[in-house]
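This report covers secondary structure, helix packing and a few individual residues. The sequence and structure come first.

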2 protein chains.
Amino acid sequence: MTEKTTKTKKNSEHSIYIGKKPLMNYVLAVTAELNGGTAKEVAIKARGKMISKAVDTAEIVRNKFVTNTKIKNIKISTENLTNSEGRASNVSSIEIYLTTEKKSK
Amino acid sequence: MTEKTTKTKKNSEHSIYIGKKPLMNYVLAVTAELNGGTAKEVAIKARGKMISKAVDTAEIVRNKFVTNTKIKNIKISTENLTNSEGRASNVSSIEIYLTTEKKSK
């Protein structure tokens, strides 16, 4: 067993931002956080086209990997971004909060 | 002019399914439902890649068209579909429930 990351205990909320990596990378990252012990809540965050991947991630974790996961809350919002050409644009974003009920097996 | 209490719960919910049409088609459809009088609640539903467009639709309606819209609830789930080749596949889906607080104009 290797410890890859050092987690800060005071912050019980961990955020995972969905980007262009393969879907299963994020599924495994969320699963690791939920099973890792310190995180009781994981926030999956995504913007624009990545929103559907965020929902896929949450659903795969919930159905296949950590079956006691519950969706605590889902928020959608609009963020104002400035792109590389200097133009402002509005982008939708999503935040999916997952929690697990810790049970001693 | 306004009938507030005669609606039944089932009829008061209108669903709009997000597909491949341009985004603004759905924005206008949702806006029309919310302003139309009969619908106090509109459900925006989408599957797969269309999930991000559903979030965009909800956000544009809320920020630009019907500013007293509130997000009542957001649900995500997995649907089991059989594609044209006969293979089963799981597809994520989202349902965004919007409501307006009707005020006498």
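## Chain A overview

Chain A contains two helices and four strands, where helices (H or I, at least four residues) and strands (E, at least two) are DSSP runs numbered from the N terminus. Read from the N terminus, the order of elements in chain A is β-α-β-α-β-β. Of the 105 residues in chain A, 39% are buried; buried means under 20% relative accessible area, exposed over 50% and partly exposed in between, with a 1.4 Å probe and protein chains only. Among contacts in chain A with a separation of 6 or more, 69% are between residues 24 or more positions apart, a contact being heavy atoms within 4.5 Å.

## Basis of the values

The model is predicted, and local features need pLDDT of at least 70, side-chain atom pairs count only at pLDDT 80 or more, and totals for chains, interfaces and linings use all residues. Residues are numbered from 1 along each chain as its sequence is written, chains are lettered from A and ligands numbered from 1 in the order in which they are written, and side-chain values use heavy atoms, with hydrogens and water left out.

## H1 and H2 within chain A

Helix H1 (residues 23-36) and helix H2 (residues 51-65) of chain A pack with their axes 9 Å apart, at an angle of about 55 degrees. H1(A) is therefore oblique to H2(A). Axes are lines fitted to C-alpha atoms, for helices over the stretch in contact, and angles run from 0 to 180 degrees between N-to-C directions. Angles under 35 degrees count as roughly parallel, over 145 as roughly antiparallel, 65 to 115 as roughly perpendicular and the rest as oblique.

H1(A) crosses H2(A) in a right-handed sense; right-handed means that the near helix is turned clockwise from the far one by less than a right angle, left-handed anticlockwise. On the H1(A) side the contact includes A:Leu23, A:Tyr26, A:Val27 and A:Val30, and on the H2(A) side it includes A:Thr57, A:Ile60 and A:Phe65. By class, this contact of H1(A) with H2(A) has 10 nonpolar, two polar and two charged residues. Ala, Val, Leu, Ile, Met, Phe, Trp, Tyr, Cys and Pro count as nonpolar, Asp, Glu, Lys and Arg as charged, and the others, Gly among them, as polar.

## H2 of chain A against H2 of chain B

The axes of H2(A) and H2(B) are 7 Å apart, and the two helices pack at an angle of about 115 degrees. Their crossing is right-handed. A:Ile51, A:Ser52 and A:Val55 of H2(A) make the contact with B:Ile51, B:Ser52 and B:Val55 of H2(B). Four nonpolar, two polar and no charged residues take part in the contact of H2(A) with H2(B).

## Individual residues

A:Thr57 sits in helix H2 of chain A and counts as buried because its relative accessibility is 0%. Leaving aside residues up to four places away in sequence, A:Thr57 touches A:Ile18, A:Leu23, A:Tyr26, A:Val27, A:Val30 and A:Ile44. A:Glu41 belongs to strand E2 (residues 41-47) of chain A and, at 15% relative accessibility, also counts as buried. The side chain of A:Glu41 makes a polar contact (2.8 Å) with the side chain of A:Lys72. A polar contact is a pair of N or O atoms within 3.5 Å; within protein, one must be able to donate a hydrogen and the other to accept it, and residues adjacent in sequence count only if both atoms are side-chain atoms.

In chain B, B:Met50 lies in the loop between strand E2 (41-47) and helix H2 (51-65). B:Met50 is 31 residues from B:Gly19 in sequence, with a C-alpha to C-alpha distance of 6.5 Å.
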